[in-house]
Amino acid sequence: MLRLWGHYLLRYLVSSGRAGVSRLGEEIDIYLAVKLTIEEPPEIVVTSASPTEQRRSFLSPDPFVVIGLVIVAACVRIWGLRWGLPDSTHLFSYHPDEYHSLRGLLSLALNGDLNPHFFNYGSLYLYLVSAAGVLGHGALISWLSLETIPEALRVWTLDARVVSALAGVLTVVTVYVLSRRIWSRLLAVFCTLLLALAPLHVLNSHYGTVDVTQALFVALALLFSVRLIKWGRWQDCVWAGLMAGLAASTKYNGLVVVVAPLTAIVLNCGNKARGHRAADAARKMLIVLGMAALGFALTSPFTFLAWSEAKGDILFEFKHMRVGEPLAVAAEPNGFWFHAKNLLAPGAGPIVILALVGWVMVVVKRHRQLLPIAVFACLWAVMISLANVRYARYEVALLPALVVLGTYPLAQLLRGSRCYRWAGCLLVVVCAVPALLWTGQVCSGLAACDPRAEALGEILRVTPAEARIGLVREPWFDVPPVDYCNGGAVLRRNPLWRLYHRPMRELAITDLDKRLLSAQAPRTFVLSEFNSRAGLRAGDAKTTAFVLALLTSYERQGRYGGLPLSFVPWELGSDWLYPWPEIQIFVRKHLPSAAGGK
């Protein structure tokens, strides 16, 4: 490279006048265009290189680049990782689904049973969390008791989050390897940084839930699909199918990614003699599907061994996807528009728009390497949009495909004239800066003091010991921990967790019923936006009447929390709000004069 630049400098010195300077600029532009764009022919055919040569060419030695990307991805995923962990004021974390991620570990610790007894998702993530808990805090399992369970819940929840954060970092590395197969190092780094700094991916990497781990196996399945396009080897069929099975074993809908290697097999048929196409494709498809089934069965064995138990959970989950949550669906009747808004939110909007353009270009030009990714992205987007459950986390598994597809039109711009290359550089800035700013806000918000802790202090200050605290529902993740057992109605009825009931004041549960509010007349009332947000947006009469009755009889004492993000043009999915629910504290306006009034 130094020799090349020396050549340009020498040519400049021997040139004269403005013509020499102009010629130098043109040659440098040509050099940069070549280095920034595709280094290989876009149409890849099956090669006859040896397996060793194939591996060397596929995993090109970029150790310092990979280390740098890992550091960036790890920093934004570790920053704020301890948000809302159980402590002396609350037994469960402030994420409503993290308890379920501990079901496998709790079953092992309490009963010595490998059956997690929870089948709403596959079992793989539960087993990964169990492995992390055993390796990191195995002594807790041996000495588990009523006194040590709270500490166990705290460290095991953190272990689940570490598993998610590690899966997020590995997904970033996977996307780099995938994009490096298609583009130059600079474009691959840009593509990978888009995922490393994607606000939705970073936020969910702080949750001890299944979505980021599922995205890892989805990205690996896409990677091996690209390998399958490149070399058409049986080994890649095996690995692609296995990764699809592991994605499904993490969360059942992950099986959709199996369409990527199947598409790659169909595209590779063109490289075979006509008489061998159908038979070879059928054999490879059977390998992919067989390995997917094997991967699922090995990592979620009790789905089959305890089918009578698993059947109920699986049917419940399918019904939940079909029926949904009525108020949430009424507030967001169009699933396509809901997910479009969450993906287009600041920080991700530019790359999503580029991804849509890239998807069209891939389909029109029939780009062999990217077609399997485009097919998967389309099916996944349609699937989550047709479901009647509205959560932004369903988009996490789509993000690796989006950043790859979004880089494609950028690569085409950088291959054009000087004006197109300047436009490409501008797009790099437009995509990167909002993502960086929003991710910084997410991480700093997670590291800040939790609004529920601040609100709890104010509640105890304005509520005498003999008075009652009103809630819409049993204490859960979205309200200050006015009872130590903050697991919601279901967990609070569990015989084990009932032993940890420690209300700080007498509680009055009113539901969204204005008559119960009037009859119980608690001294203080706590309203979370999770109680009223969907109902007010949907124009629900019951929710509206309750809020009006509350505002009539009570005076707002304080407001805490709220999404700590700037430039949010519309309402985001509720799972964006888990760390920062907006909490309002109300005090009754006309208090009784008797000292014993509640």
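Author: The second largest cavity has eleven lining residues, and those nearest its centre are Pro199, Leu200, Asn342, Ala348 and Trp576. A cavity here is a set of points, on a 1 Å grid over the protein atoms alone, where a 1.4 Å probe fits but cannot get out, and a lining residue has an atom within 4 Å of a point. Two elements, α10 (199-204) and α18 (335-344), each give two or more residues to the lining of the second largest cavity. Such elements are DSSP runs numbered from the N terminus: helices are H or I with at least four residues, and strands are E with at least two. The second largest cavity holds about 70 Å³ of space; a volume is the space filled by probe spheres set on the points, which are joined across faces, edges and corners. Its lining has ten nonpolar residues, one polar residue and no charged ones. In this scheme Ala, Val, Leu, Ile, Met, Phe, Trp, Tyr, Cys and Pro are nonpolar, Asp, Glu, Lys and Arg are charged, and the others, Gly among them, are polar.

The model is predicted, so local features need pLDDT of at least 70 and side-chain atom pairs count only at pLDDT 80 or more, while totals for chains, interfaces and linings use all residues. Residues are numbered from 1 along each chain as its sequence is written, and side-chain values use heavy atoms, with hydrogens and water left out.

In the whole structure there are four cavities of 30 Å³ or more. The largest has a volume of about 100 Å³, and the residues that line it include Leu194, Ala198, Gly347, Ala348, Ile351 and Cys431. Two or more residues each come from α19 (349-365), α21 (399-413) and α22 (418-447). Of the elements, α21 gives the most to this lining, with three residues. By class, the lining of the largest cavity has ten nonpolar residues, one polar residue and no charged residue.

A salt bridge is a side-chain nitrogen of Lys or Arg within 4 Å of a carboxyl oxygen of Asp or Glu. One of them joins Asp575 to Arg393, with 3.7 Å between the closest N and O atoms. Asp575 is in the loop between β4 (554-560) and β5 (583-588) and Arg393 is in the loop between α20 (371-386) and α21, so the pair ties together parts 182 residues apart in sequence. Both Asp575 and Arg393 are buried; buried means under 20% relative accessible area, exposed over 50%, and partly exposed in between, with a 1.4 Å probe and protein chains only.

Another salt bridge brings together the side chains of Glu571 and Arg533, at 2.9 Å from N to O. Glu571 is in the loop between β4 and β5 and Arg533 is in helix α27 (residues 529-538), so this pair ties together parts 38 residues apart in sequence. Glu571 counts as partly exposed because its relative accessibility is 37%, whereas Arg533 is buried, with a relative accessible area of 16%. Salt bridges that share partners also join Asp97, Arg393 and Asp575 into one network.

A further pair is Asp478 and Arg473, whose closest N and O atoms are 3.1 Å apart in a salt bridge. Asp478 counts as buried because its relative accessibility is 1%, while Arg473, at 30%, counts as partly exposed.

Technical notes
On a 1 Å grid over the protein atoms alone, a cavity is a set of points where a 1.4 Å probe fits but cannot get out, and a pocket is an open set with protein on both sides within 12 Å along at least five of seven lines; lining residues have an atom within 4 Å of a point.
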